[in-house]
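Please read it beside the coordinates.

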Amino acid sequence: MAVDAARSEEGFTSAGATRVMVAACRAAGLDDRGAELIRLGENALFRLVSVPVIVRIARSVEYLSAARKEVAVSRWLAGEGFPAARVVEDLEQPLMVDGHPVTFWHLIVDAGRAATYGELGAVLRDLHALALPDGLELPRYSAFGLSDLRLERAAGISDDDLQFLRKRGQELKERLAELRFGSPLGPVHGDAHTDNLMVDKSGVVHLIDLENFCVDHPEWDLEVAAHEYHRLGWVTEEQYAGFVGAYGRDLREWPGFATLCAIQEFKMTTWLMQNVSEGEDVAQEVGRRIASLRDDAAPRNWLPY
């Protein structure tokens, strides 16, 4: 369903997103008065006052397929009784408003604490145990994301560094092609961080941000915490022990772990490289990451961005 709103050439701004939100709410029969913008990034999130609903507005029409996937995954998980972000029932979703996919989600009332790594391990264990239903079409995991495109558009990076990164990317693609996973394909969240969990006031842990959901090997989800502990030092020994204890597997024992870490580090570097002009601190961090990528054995003294 498409809805027209006042078009603008100003880009994805809070004012433009607000106009889209108002038009979408009116099309859905919801009261937009007093709605609060709570995030503006890849998506704009508005919290309605009239009902406990979050309105999620994607940046452009290119996100339409992802929005459709999120709605389908949410409805499937709801049918399974799996605690995850829930789309509002009985609404045709996503709406298209002025070129923006819009979806409506039930508000999760936050308990005011972050999820633990033990809770992340438990959520992933339960997710990976689910059987995907017939008819739910999901992509495979995008191991390299937009890395190639970022390298094509790179600015402020030396030719030598760019040449190295292109060669590194090709080498990693060849390593991945030869990798043999130890588990069957199944549901994968695709961005398995504790930040993508919410604990509600009753203590239930909900999986959120379903835009990277896919069908692939669960190792991709397990790699995140293992990598942040083993290579980056962003996770404590106690936190990682909680994760492994809850999930029941330590990915570091799998021979392919180093390859997945190398791919993740390459992707993380090309992501941050986009912001190299934002400040000297970012430029230094990008330089530090590229230098360490040249030596697999070098410590990854990376700052979290």
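1. In the residue classes used below, Ala, Val, Leu, Ile, Met, Phe, Trp, Tyr, Cys and Pro count as nonpolar, Asp, Glu, Lys and Arg as charged, and the others, Gly among them, as polar. The model is predicted, and local features need pLDDT of at least 70, side-chain atom pairs count only at pLDDT 80 or more, while totals for chains, interfaces and linings use all residues. Residues are numbered from 1 along each chain as its sequence is written, and side-chain values use heavy atoms, with hydrogens and water left out.

2. On confidence, the protein chain has an average pLDDT (the predictor's confidence in each residue, from 0 to 100) of 94, and 96% of the residues score at least 70. Residues 4–9 have a pLDDT below 50, and this stretch makes 10 contacts (heavy atoms within 4.5 Å) beyond near neighbours in sequence. Where pLDDT is low, the predicted coordinates should not be read in detail.

3. Grid points are joined across faces, edges and corners, and a volume is the space filled by probe spheres set on the points.

4. The largest pocket holds about 1,900 Å³ of space. Its lining comprises 47 residues, and R150, D191, E211, N212 and W271 lie nearest the centre. Helices (H or I, at least four residues) and strands (E, at least two) are DSSP runs, numbered from the N terminus. At least two lining residues come from each of α2, α4 (147–152), α6 (219–230) and α8 (257–273), with α8 giving the largest share, 5 residues. The lining has 19 nonpolar, 13 polar and 15 charged residues.

5. The second largest pocket has a volume of about 430 Å³. It is lined by 18 residues, and L45, I54, M198, I208 and D209 are the closest to its centre. Strands β2 (36–40), β4 and β6 each give at least two residues to this lining, which divides into 10 nonpolar, 2 polar and 6 charged residues.

6. Strands β2 and β3 (residues 43–47) run antiparallel and are joined by 4 bridges; two strands pair if DSSP finds at least two bridges between them.

7. K201 lies in the loop between β8 (197–199) and β9 (205–207). K201 counts as exposed because its relative accessibility is 68%, where buried means under 20% relative accessible area, exposed over 50%, and partly exposed in between (1.4 Å probe, protein chains only). Leaving aside neighbours within four places in sequence, K201 contacts V109, D110 and A111. The C-alpha atoms of K201 and A111 are 4.3 Å apart, although 90 residues separate them along the chain.

Key: 1 Å grid on protein atoms, 1.4 Å probe; cavity = no way out; pocket = protein on both sides within 12 Å on 5 of 7 lines; lining within 4 Å.
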